[in-house]
Every structure is written in C-alpha cells, then in structure tokens.
Amino acid sequence: MIKDNFVLEINTKNIINNYNFFKNLNKNLIVAPTIKANAYGMGSKKIFSLLKKNKCKHFFVATLEEGISLKNKNKKISIYVLNGIQNYNLILFKKNNLIPIINTKTELNKIIRNNIDFGLHVDTGINRLGINYKELPEIIYKNEKINILISHLASADEKSSKFNNIQRKRFLNTITKFKNKKIIFSLSNSNGSVLSRNYLFNMIRPGIALYGGNNKNQYLNKKLKNVILLKGKIIQIKTINKGEFIGYNQTYKTSKKIEIAIIGVGYADGVPRFLSNKGKVYFKKSIFNIIGRISMDSFTIDISKSKYNLKEGDYVDLINKSFGIEKFADSCQTISNEVITSIGSRVKRIYV
C-alpha cells in the first residue's frame, strides 16, 4: 500500500459537534453551513453528505459550478449560490435544484422576468456583493419568489466594533419592509453568530468554525472541537556536516554536524514558504525546526536532538490537537480560512 506524502485527517464527529453547537444557540434557528471552496478544503461532497445525514437542510456555496457538483436531487434541501446568476442559463439553477442569491439590479430584473425562486443579498456596509440597502427597488418588497434575504458583517471577528451594530440596524430596517412572511433572514457568519442573539435572526451561516477555526474568538475556542490533523511523511534522513547549506539560496548554514529529515510536501501542497527557517513540526512530544527554504514538494527539519528513532515513512504533524489551525495560521501571519483552503489537491483526505 502506498503511504501518501501528505495526509489531512478530518474528524467528522467533531464537525457534527461544531454544527450542533450552532444549532443550540437558539430554538428553531436554521444553521446553513458554508461549504464553498470545497468545504474550506475539507471536501464539499463528503461534508454535504455528512451534514445531510444529520438533518441539515440549508447550505451555501459560492459558484454555480460548486452547486452543480453536489448533485442535489432532494427538493427539501436548499443550496444557495452566493455569486448570483451572472450570465448563466437560468435553466441550470432549476435543473440542479439551486437557489441563486441576487446581487445586482440587473440580475434582479432578469430573475423576476423568469419567475424563479431566488434569494437577495442586501449590502449593509461591507461594500462587496449585494444591492445597497438604500437602493432596493420597491417592487422587491412584495415579491413572492424571494425566499431568503442575506447580508454580511464586515467586522464580526471584532466583538467591540460599533460597525456590527450599525449593520444590524440597517438590516433590521430593511427586513421590516418585506411583506412575504415566509422569507428567511440571515446576517451572521461564524463569529457574528456569537456576538449576541440580536444577530441570529432566522438563519446563520457558519463557515470556518465548523472546521475548527475560530478567528481568535475565545468563546468559540472553548466551545468548538479541533477537526483536522495535517501530517507529512519523512522521505529521507541524512547527516549533514558543519558548514553546509540547506535548501535554495543558502538561507541556512549548519553550525555543527546535524541530522536532518526531508518531508515530502511543500508549498504546492499548502505549506507556506513563509515558514522557511521559522516553522515547526511535531512528533509525539518533540518539536523540530524547519530549516532552509520550503520547496514546491519538500522541506527540511533538524532532528538532531530527537529522542525518538525516527525513520523514513514516519509522519510528523504540522497541525494537530495541541497545535491547531489558529496557532498554525498565527505562525504564518495569516488567518485559518486561508490556511485550510490552501491545502492542495495532492493531499490525501481521510475521514475518521
């Protein structure tokens, strides 16, 4: 059996634990997981199936292609496409049981003419997708085909930000104008969901938190469980003499004779070059430094002080329960969303 160089273990029980945490925030709250970008790198088809089995009936993707790939045949399952209809054939939405989220007046006019169920994105201040809350046409307030109204918080990860409440009030003022009582209203993502109950409305749209990330939110950090274990395989061990260089461009020079291990993964797999000469990996209770430049397909660690008899074929951890995705993201000076969505297609996904 071939042992993959890079393995991403995904704990499905912990994903369900995190999903249920959001379900329990409020009675009758709709939790609609965001499974765009291949479910944040976790595998959208697998996560879609997993959550469906746990009675989840609402999902968000970014593109039409992502929605089609899920092959949803159940009309009781709603999949919303955030990037709208663009110039796509509207038949594709009907045929694949997908609900477009409308972002422009041009899209709105087209969707109304074609009498198709849709959602509407109202921009309350993030100034990305959506129609400005001040510019919604009067015709929309009595439309019977709109079944969901969403907006998006710009600073949900900053609990003290006054802009959160400004957006909430704008959204609240907007929804009071709608006459269709069946409409679902949704403002919050993962972090917005725990600002207060005032941000929940009918539906929330957790993304990164389902997969164990918390964007440094201490409350979520206590409530959520780690989902991923990311590990790379040792493909060679060798001894390097004093005064030798490791890797590209001679960025690391040995000050003494050392033993090194080459890990068979690199930036093509999602290990940031930023970790060159900075990052660390883990084996049981030992920590090893990354030395030299991270290459496309490999990087090097110093195992001179290892108390274990490491050998080729052993795995070392980059992300584990003790050193989770938030700590890894910090070490890369980025956010956990970027870390896990950057994990490459060569990485073997294993669901446990």
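How much space lies in the largest pocket?

## Basis of the model

This is a predicted model, in which local features need pLDDT of at least 70 and side-chain atom pairs count only at pLDDT 80 or more, while totals for chains, interfaces and linings use all residues. Residues are numbered from 1 along each chain as its sequence is written, and side-chain values use heavy atoms, with hydrogens and water left out.

## The largest pocket

The largest pocket holds about 760 Å³ of space. A pocket here is an open set of points on a 1 Å grid over the protein atoms alone, where a 1.4 Å probe fits and protein lies on both sides within 12 Å along at least five of seven lines, and lining residues have an atom within 4 Å of a point. The volume is the space filled by probe spheres set on the points, which are joined across faces, edges and corners.

Of its 36 lining residues, Lys-36, Tyr-40, His-152, Asn-189 and Asn-337 are the closest to the centre. Helix 2 (36-40), helix 9 (325-331) and helix 10 (336-341) are the elements that give two or more residues to this lining, helices being DSSP runs of H or I with at least four residues, numbered from the N terminus.

## The second largest pocket

About 310 Å³ of space lies in the second largest pocket, whose 16 lining residues include Gly-212, Asn-214, Asn-221, Gly-324 and Glu-326 nearest its centre. Helix 8 (218-223) and helix 9 each supply at least two lining residues, and helix 9 gives the most, with four.

## Lys-222

Lys-222 is in helix 8, and its C-alpha atom is separated by 39 Å from that of Ile-237, 15 residues apart along the chain.
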